[in-house]
Amino acid sequence: MGPLAALWALLVPALLGGVGHFVNPGTAQFPGRTRVVLQPQVVASEVIPHVNECSLCFHCNVDAKPPPLLASDLVPANFQPRNVTHKQKLPICHTCRGCTVHLTLHGSSGQKKLFNTWFRDEVGASPSWLFVAPTDKTPNRKAIVKVACIPVGKHARHKFAQCHADLALKYAKIYLAIEKLAENCGLTDIIPKIWVDWVDAVIPEVGYHIRWLGLWMEMVEGISLENLVRLGNPMMHPDDLLDILHNRVNHTQTVRAALFDLLTSQNDRHAQNIFINGDGSIRLIDNERAFFENRHLAADSILLPTTKKYTINVMENAWIHKFANWGDKVPMCWANVALLFDYRCYVKDGRMGSALPPDVAQCVAKIAGSSPQAVMDEYGMPYPHMAEALYNRSRALHEHGFEYALTEGYPRNPNPWRYKFTPPCCKVKHTDTYRCAHDWSPDTAIPFGDPITGGPWKHDRKDPGTYEGGTVF
């Protein structure tokens, strides 16, 4: 048993409120105290125990199949462990049987080489455990499995992880809705395949038995835009980076990605969840912050002009966020390379209008011709307001075109998050830093209001905003 497993054996009784089944305790003497050395019981039998008969198991044979997933299984109780106290009282097993899949920790494989540069695997900042598992549902036969409610955090700062099974169900339903929408609108080329299924497996080295639903998604090849720009080993030369972003990235997909983000009201699209593969194809990951799910932020994406994340790539972050130490400086407009993912660079006359791809146009027309309740039923949305968001966005796209849907359609951002259009920068050069390679003079004015909360300005210093957001673009 490795050090991680030993630590887990000590943590489980405290975390789960039971007394672990250990045998053969020994003692080691220290000045003034006695330390109990716990030796895990290895079930001694010619018959390999089933994983259900073990509190922990460090090697589980994959010799079972998961039951079919039913619509009635999508309830909060199935996104969290059951019978925890009973499970903790069972023996610890070295080897067991009955698992349906073998898991490995996501990010444990080290690094990959792309564009002649080495990049470290990206583990992500999510407190949820992420695993890699084999599957026959994806072209590369690999899936990322995200499991909620494992009763210990994967990071030290999340030592005592909280379980929100209702949120796990909510986001699972959002992902399933996105998967079906992508199929209906012909957008499956820009997002990974996603499904929900049972996980019956043990955590590597830890031995904890997962036996509830997880979110499965196609393991995307390539690296994130953030990784490509900043984290190569050695860091990629600016000329090589610009060659990739100008000439090798599939910018037909860039346009489709902007459509996807607007249609689904994505509110957390940043450079870490845009993946670029060696053939130039792009994929959008971590898409659950969608459909106006928090009832506050309608869209925020580096792919969508007039949103905050996009505008930060035009002007300085401290200016956009109105930091107190900004003073009287004049904001500078650098050309962050993410601006090369501006859809306006790749459509006629810099406007998409109603010239949507045929499959998307047909899809949004069908949704616009239905009703919010029909959308709710068709896509299994968790809440009615999310169905309304997709219905209203589709209607705006169908009746008025892309730019209207972006600036005037619903759902809308609060006014402090509704920025003016800045001119696109479609060619970037590197001198002392990245700069636009053609004439480019963005208006650096920013809206009134609090850029952090999206609410009114309540600070004891002057608001540097100069216009009411959403009244002028």
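Where does Phe 115 sit in this structure? Phe 115 is placed in the loop between strand E6 (111-114) and strand E7 (117-120). Welcome to this predicted model!

**Loop residues with positive phi**

- Phe 115 has a phi near 55°, which is a positive value in a residue other than glycine.
- Phe 115 is also buried, with a relative accessible area of 14%, because buried means under 20%.
- Thr 306 gives another example, with phi near 80°, again positive in a residue other than glycine.
- You can find Thr 306 in the loop between strand E14 and helix H7 (308-312).
- With a relative accessible area of 4%, Thr 306 is buried.

- Helix H6 covers residues 251-263, and its 13 residues should span 18 Å at 1.5 Å a residue; the C-alpha atoms at its ends are 18 Å apart, so the two values agree.
- Most of H6 is covered, with twelve of its 13 residues buried.
- Among the buried residues of H6 are His 251, Val 255, Leu 259, Phe 260 and Asp 261.
- The buried residues of H6 pack against several helices, including H3 (165-185), H5 (238-248), H9 (358-368), H11 and H12 (402-407), and also against strand E14 (282-284).
- The N-terminal end of H6 is capped by Asn 250, which has a side-chain oxygen 3.1 Å from the backbone nitrogen of Thr 252.
- Just after H6 comes Ser 265, with a positive phi of about 55°.

**A closer look at His 251**

- His 251 belongs to helix H6, and its relative accessibility of 9% counts as buried.
- From His 251, the side chain reaches the backbone oxygen of Leu 245 at 2.7 Å.
- Setting aside neighbours within four places in sequence, His 251 is in contact with Leu 245, His 246, Leu 340 and Tyr 346.

- Helix H3 has 21 residues and reaches 30 Å from its first C-alpha to its last, close to the 30 Å expected at 1.5 Å a residue.
- Just after H3, Gly 186 takes a positive phi of about 70°.

**Salt bridges**

- How many salt bridges does the count come to? The count comes to 18 salt bridges.
- One of them links Arg 269 with Asp 261, where the closest N and O atoms are 3.0 Å apart.
- Glu 226 and Arg 230 form a salt bridge through their side chains, at 3.3 Å from N to O.
- These two residues are four apart in helix H4 (residues 225-230), so about one helical turn separates Glu 226 from Arg 230.
- Glu 226 is partly exposed, with a relative accessible area of 25%, and Arg 230 is partly exposed too, at 45%.
- Arg 395 and Glu 399 also meet in a salt bridge, with 3.1 Å from N to O.
- Helix H11 (residues 384-400) holds both Arg 395 and Glu 399 four residues apart, so about one helical turn lies between them.
- Arg 395 is partly exposed, with a relative accessible area of 37%, while Glu 399 counts as partly exposed at 43%.

**Cis peptide bonds**

- Asn 233 and Pro 234 are joined by a cis peptide bond, with omega about 0°.
- Pro 234 is placed in the loop between H4 and H5.
- The peptide bond from Tyr 410 to Pro 411 is cis as well, with omega near 0°.
- Where is Pro 411 found? Pro 411 lies in the loop between H12 and strand E15 (428-430).

Key
Residues are numbered from 1 along each chain as its sequence is written. Side-chain values use heavy atoms; hydrogens and water are left out. A salt bridge is a side-chain nitrogen of Lys or Arg within 4 Å of a carboxyl oxygen of Asp or Glu. Buried means under 20% relative accessible area, exposed over 50%, partly exposed in between (1.4 Å probe, protein chains only). The expected span of a helix is 1.5 Å times one less than its number of residues. Contact means heavy atoms within 4.5 Å. A polar contact is a pair of N or O atoms within 3.5 Å; within protein, one must be able to donate a hydrogen and the other to accept it, and residues adjacent in sequence count only if both atoms are side-chain atoms.
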